[in-house]
Amino acid sequence: MPTALVIIDYTKCEPCVRAYTRAVYKETFKVSRNYSKECSLRKSLAFFGGLNLCIKYCVDQVVFADLEDRLEITLRPRFLLTSLQDLIKYKMLVSLNEILPRARKKGYGVGAFNTSNLEITQAIVRAGVELNSPIIVETSEKAIKYAGIENIAEMIITIAKKVKVPVVLHLDHGRSFDIVRACIKNHYTSVMIDGSHLPFKENLKLTRRVVRFAHKYQVSVEAELGRLAGIEDDISVKRDEAIYTEPDQAKRFFEESECDALAIAIGTSHGAYKFKGRPKLRIDILKEIANLVKIPLVLHGASGVKRKWINRVNRFGGRLAHTRGVPDRLIREAVKNGISKINTDTDLRIAFTAGLREYLVKHPENFDPRKSLSYARELMVGVVKQRIEVFGSVNQA
Ligand code: G3H
Ligand code: 13P
Ligand code: ZN
């Protein structure tokens with residue numbers, strides 16, 4: 001067991017922390033500025049769980065300094081709550097483990113939507129709230145680079161902590177231990193380690209290392225096995241290099257890595273250009289995997305890329321080729337057969353672009369970005385809501 005140094009910096013409500021810590025730890029923390037306490041984390045999970053509750057109540061800032069990994073994370077309270085009713089009323093940022101196992105059990109999917117700015121984030125969270133659905137907000141490494149990790153994380157947390165539906169802040173396609181570490185430091189509640197480009201053994205080794213680390217902070221881990229075609233971050237996989245996930249390998253991978261969710265390759269690909277001919281998913285492979293792998297399964301590259309949206313972009317000066325995404329009926333079939341998390345990025349990019357183009361063309365006199373961006377944001381809310389309905393997570397918050 002690692003030893004952790006827990007520093008409770010200062011509090012908003014000293015009596016509450018005193019009472020709470022006394023109840024949980026059977027001792028009173030001397031609550032004062034820069035109070036520090038070294039403790040052996042023999043009951044680490046219970047300890048962190050308790051502390052998390054405590055943070056939700058009224059601790060202003062807690063620093064976990066994990067001496068073993070030399071990582072310091074400053075946790076801000078997700079909510080500054082004043083009463084137990086508030087705690088019940090408001091949900092908080094959660095990890096995949098708090099929403100996906102239920103989704104798998106009940107047979108619905110939860111949408112994971114990529115963001116890189118304010119408007120996309122607002123659209124995703126608002127759609128979740130309006131349909132009372134849990135929601136996963138995710139950022140790729142490129143999005144993090146674009147916005148800055150602190151900026152994007154703080155922004156998403158600020159938006160998410162005000163709402164009553166559970167929100168996960170998730171790293172999408174993390175390629176290295178370092179990016180995972182940086183995300184956990186910046187309060188992500190979930191990470192994906194994508195070693196799918198590596199040989200099986202190396203993927204497993206990297207995933208295990210990430211799982212061991214992330215679980216210390218109650219952060220969930222999604223891993224990937226198999227290879228999707230398309231481009232994500234700067235890695236491009238040609239159609240003929242894509243590899244379906246092999247069910248027996250998937251079983252061994254999840255058992256040995258202890259990951260919390262597994263992304264599999266069953267015929268989708270990233271980006272707007274997914275299928276040459278008729279869209280097809282290997283539901284037979286999915287069924288086999290779902291039989292052997294009991295953790296939630298993830299479908300990447302799931303955008304619908306609907307004709308009406310391509311037309312809308314092109315009507316206002318765009319030049320997108322006509323293409324096919326994953327039809328809603330195939331998404332429903334995938335969910336029915338064991339997919340619990342569905343990733344969407346391209347559909348939001350297209351709706352955003354359509355909105356901007358349309359607004360700017362229709363209002364040539366406008367030079368207030370807030371107007372064009374609001375219009376684009378509304379369109380994205382509509383797309384996210386439509387996806388949530390297809391996934392079946394309406395009223396599952
Ligand atoms: O998985 C791919 C996502 O669409 C992320 O794309 O790396 O361009 O942000 P990005
Ligand atoms: P799309 O490109 O189909 O939206 O997939 C996004 C994705 O899988 C993000 O990880
Ligand atoms: Zn993906």
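1. Helices (H or I, at least four residues) and strands (E, at least two) are DSSP runs, numbered from the N terminus. By this definition, the protein chain has 15 helices and 15 strands. The model is predicted: local features need pLDDT of at least 70 and side-chain atom pairs count only at pLDDT 80 or more, while totals for chains, interfaces and linings use all residues. Residues are numbered from 1 along each chain as its sequence is written, and chains are lettered from A and ligands numbered from 1 in the order in which they are written.

2. A residue is called buried if 20 or more other C-beta atoms lie within 10 Å of its own, exposed if 12 or fewer, and partly exposed in between, with C-beta atoms placed from the backbone. Of the 397 residues in the protein chain, 46% are buried. Two residues are in contact if their C-beta atoms, placed from the backbone, lie within 7 Å. Among contacts with a separation of 6 or more, 72% join residues 24 or more positions apart.

3. F253 belongs to helix α10. This residue is buried, because 24 other C-beta atoms lie within 10 Å. Leaving aside neighbours within four places in sequence, F253 is in contact with L204 and L225. The C-alpha atoms of F253 and T207 are separated by 9.3 Å, although the two residues are 46 residues apart along the chain.

4. Helix α9 (residues 200-215) has 16 residues. Its first and last C-alpha atoms are 22 Å apart, close to the 22 Å expected at 1.5 Å a residue; the expected span is 1.5 Å times one less than the number of residues. The buried residues of α9 include L204 and T207. The cover over the buried residues of α9 includes α8 (177-185), β9 (190-193), β10 (220-225) and α10 (247-257).

5. Strand β6 (residues 110-114) is largely enclosed by the rest of the structure, because five of its five residues are buried. V110, A112 and N114 point one way from β6, and G111 and F113 point the other way. Strands pair if DSSP finds at least two bridges between them. Strand β6 runs parallel to strand β15 (residues 339-344), joined by four bridges; here F113 is partnered with T344, and A112 with N343. Strand β6 also pairs in the parallel sense with strand β7 (residues 135-140) over three bridges, where N114 has E138 as its bridge partner.

6. Strand β15 is likewise largely enclosed, since six of its six residues are buried. Three bridges join β15 to strand β14 (residues 297-299) in parallel, and I339 of β15 stands opposite L297.

7. The end C-alpha atoms of helix α14 are 24 Å apart, which agrees with the 24 Å that its 17 residues should span at 1.5 Å a residue. Its buried residues include T346, I350 and E358. They pack against β6, α5 (118-130), α12 (307-315), β15 and α15.

8. Two packed helices are described by the angle between their axes and the distance between the axes. The axes of α14 (residues 346-362) and α15 (residues 369-391) come within 8 Å and cross at roughly 140°. Axes are lines fitted to C-alpha atoms, for helices over the stretch in contact, and angles run from 0 to 180 degrees between N-to-C directions. The crossing is right-handed; a crossing is right-handed if the near helix is turned clockwise from the far one by less than a right angle, and left-handed if anticlockwise.
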